[in-house]
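Here are some notes for a colleague who is meeting this structure for the first time. Please keep the sequence and the model open while reading the points below.

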Amino acid sequence: MDAFGSLIAGLGSALTPTNLMFVFLGVLIGTIVGVLPGLGPITAIALLIPLTFGLEPTSGLILLSGVYYGAMYGGSITSILIRTPGEVASAVTALDGHQMAKQGHAGPALATAAVGSFIGGTIAVIGLVFLSPVLVTVATSFGASEYTILLIGALALTTSLMSGSRLKAGISVLIGMSFGVVGLDPQNGVERWTGGAIELSDGIDIALVAMALFAVPEALRHLALGDRQPSPTMRVQRAWMNKEDLRRSAGPYARGSLVGFTAGVLPGLGPTLGSFASYSLERSIARGERRKLFGKGAIEGVAGPETANNAAVGGAMVPMLALAIPGSATTALLLFVYQMYGLQPGPQLFVNDGPLVWTIVASMLVGNAMLLALNMPMVRIFVTMLKVPPPLLYGGVLAFVMLGAYALTFSFYSLLLLVAIGLLGYVMHENNFPLTPAILAAVLLPMLELNLRRALLVSGGDWTTFISRPLSLILIIIIALGTTVPFIVKAIRSRYQTAAAEPTKIDTLR
Amino acid sequence: MKESEPPVALKNLLVVILLFVGYAVAFIPLGYVLSTAIFLGIIVTVIDRAKWKRNILFAIGFSAIVYLSFTQLLGVPLPAGVLGLPVGG
């Protein structure tokens, strides 16, 4: 069956009442958690993992995928209304979205974001439907050595294109890898870094690492700051987008979908790069008066990045499903969830569990439409979430992650690990270490190890297998170019363009 | 983004961390409801002393509602601890 036919079949099973309910629950919970200041999709999913243990794989995955894009959308509400996005990808929306809200256009800004999320999400699913079978076909010719190279490439890309310090991103990767090392050696059962503790022999749960790195530092920080009152919220009037808004947003929607999807497919980058790239693109093609509006409430600056943001979610699912190589921290966590249900993403998943994959993909189409429909009547209800006093909110977050950690293994070790990794995450966060590489590395390390060992086993311990296999060599060259070219381009640019550079808010954001 | 965030006072941070660690240690021996209520009650009151009535209500309400919904509705057993509450399931 071709991809399109499979999608239609998937749509059929995504529309059954049970699955519809899980889509609805997912986007609703996702939006609510995403609206809470400082909480993003990754925290939302990590917190919900213990709840999905008892569910069917299909239901659980539909629910958590819904949480993912629901939380992305919820984050944009927060960005626009109080400028405190739950994750970096929404930070760009805050630039112009918050300005629009200040000028009394909160309603249109939210509507622009909602429509953009819908368009970006929908186009990305269509892209996913057509691109993943292609990638699956390519991937079937991959052996262990190609996978090894791809995984190393994914980790290298995370560090090279991440904004901020490369060295810090590299250290973050190593920290994440060391979480992945803990536990029994998969081949000969030797205990590694367990300190003799039987509880650690299963390894460290990725959900725990995600909660500890993404929820705990944020909560500790806000509690230590001791804010009593929530940030002042803009009043949201009923105004929807007018014709002029729609006309101005059409271009950014189209470009944002493309940019976002492409960025999402690249490993390690995902939504953040997508929304930043879309914003830069919109600003650079805007002419005259329009351009001056950027940073002061340009609707294009909301429409583009928001669309890109959500298109990247679908894009990031492509390598995650087809190659088992996640494109973002959140898809890394989703990959872990698939494995938790005993499903191994990769080419085989489409063969063995085709109906399940297509049901989940189709549920994303349904969920995006539902999110748009939900947004119109309910945006005011979501906004009330912003009025929760910070001490109660972040105290509650800590109580929830403690419960989440306990529910993973029912042992004291989980609680201890949560606190320890949480404190480490706090130190990293405070010193501007990016946390995404750590979680990606923790998820990818076991796969990297498995494939590296397998490749060397096949070649009889001969390391030249990585360069003597043509496919593997091609991948090495692509990755080498991918990691060095942006660097070189930057160097050349700074040489010739220092005078022409115009520093703006977006540059200080990085 | 980080640059615009205000700095954290070390003393407050230590208090918060200490409470968080204490919560982890007390979680199983004291049980979910008691440890969570105490943790939330203290941490929220440390920040906003004036609203102690709201804080107590929140601490007890949160831990009781979460405990009941997890043990009774979702079938996730939580430590009963010294209060000897039904583990549920």
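**Notes on the model**

1. In helix α5(A), the residues Val92(A), Thr93(A), Leu95(A), Asp96(A), Gly97(A) and Met100(A) meet Gly301(A), Val302(A), Pro305(A) and Glu306(A) of α13(A), where contact means C-beta atoms, placed from the backbone, within 7 Å, and where helices (H or I, at least four residues) and strands (E, at least two) are DSSP runs numbered from the N terminus. By class, this contact has 5 nonpolar, 3 polar and 2 charged residues, with Ala, Val, Leu, Ile, Met, Phe, Trp, Tyr, Cys and Pro counted as nonpolar, Asp, Glu, Lys and Arg as charged, and the others, Gly among them, as polar.

2. This is a predicted model, in which local features need pLDDT of at least 70 and side-chain atom pairs count only at pLDDT 80 or more, while totals for chains, interfaces and linings use all residues. Residues are numbered from 1 along each chain as its sequence is written, and chains are lettered from A and ligands numbered from 1 in the order in which they are written.

3. The axes of α5 (residues 91-102) and α13 (residues 300-323) of chain A come within 8 Å and cross at roughly 145 degrees; the axes are lines fitted to C-alpha atoms, for helices over the stretch in contact, and angles run from 0 to 180 degrees between N-to-C directions. The crossing is left-handed, a term used if the near helix is turned anticlockwise from the far one by less than a right angle, and right-handed if clockwise.

4. Helix α3 of chain A (residues 41-52) has 12 residues and reaches 16 Å from its first C-alpha to its last, close to the 16 Å expected at 1.5 Å a residue, the expected span being 1.5 Å times one less than the number of residues.

5. Just after α17(A), Phe410(A) takes a positive phi of about 60 degrees.

6. The largest nonpolar core has 195 residues, and those with the most contacts inside it are Met211(A), Leu333(A), Met402(A), Leu418(A) and Ile439(A); such a core is a set of buried Ala, Val, Leu, Ile, Met, Phe, Trp, Tyr and Cys residues joined through C-beta atoms within 7 Å. Leaving aside neighbours within four places in sequence, Met211(A) is in contact with residues including Thr43(A), Ala46(A), Leu47(A) and Leu418(A).

7. Chain B has 3 helices and 0 strands, and 30% of its 89 residues count as buried. In contact with 29 residues of chain A are 28 residues of chain B, and the largest share of this side of chain B, 10 residues, comes from α1(B). The side of chain B that touches chain A divides into 23 nonpolar, 3 polar and 2 charged residues.

8. Tyr67(B) is found in helix α3 of chain B and counts as buried because 24 C-beta neighbours lie inside 10 Å. Leaving aside neighbours within four places in sequence, Tyr67(B) is in contact with Tyr32(B), Val33(B) and Leu78(B).

Notes. Contact = placed C-beta atoms within 7 Å. Buried ≥ 20, exposed ≤ 12 C-beta atoms within 10 Å, placed from the backbone.
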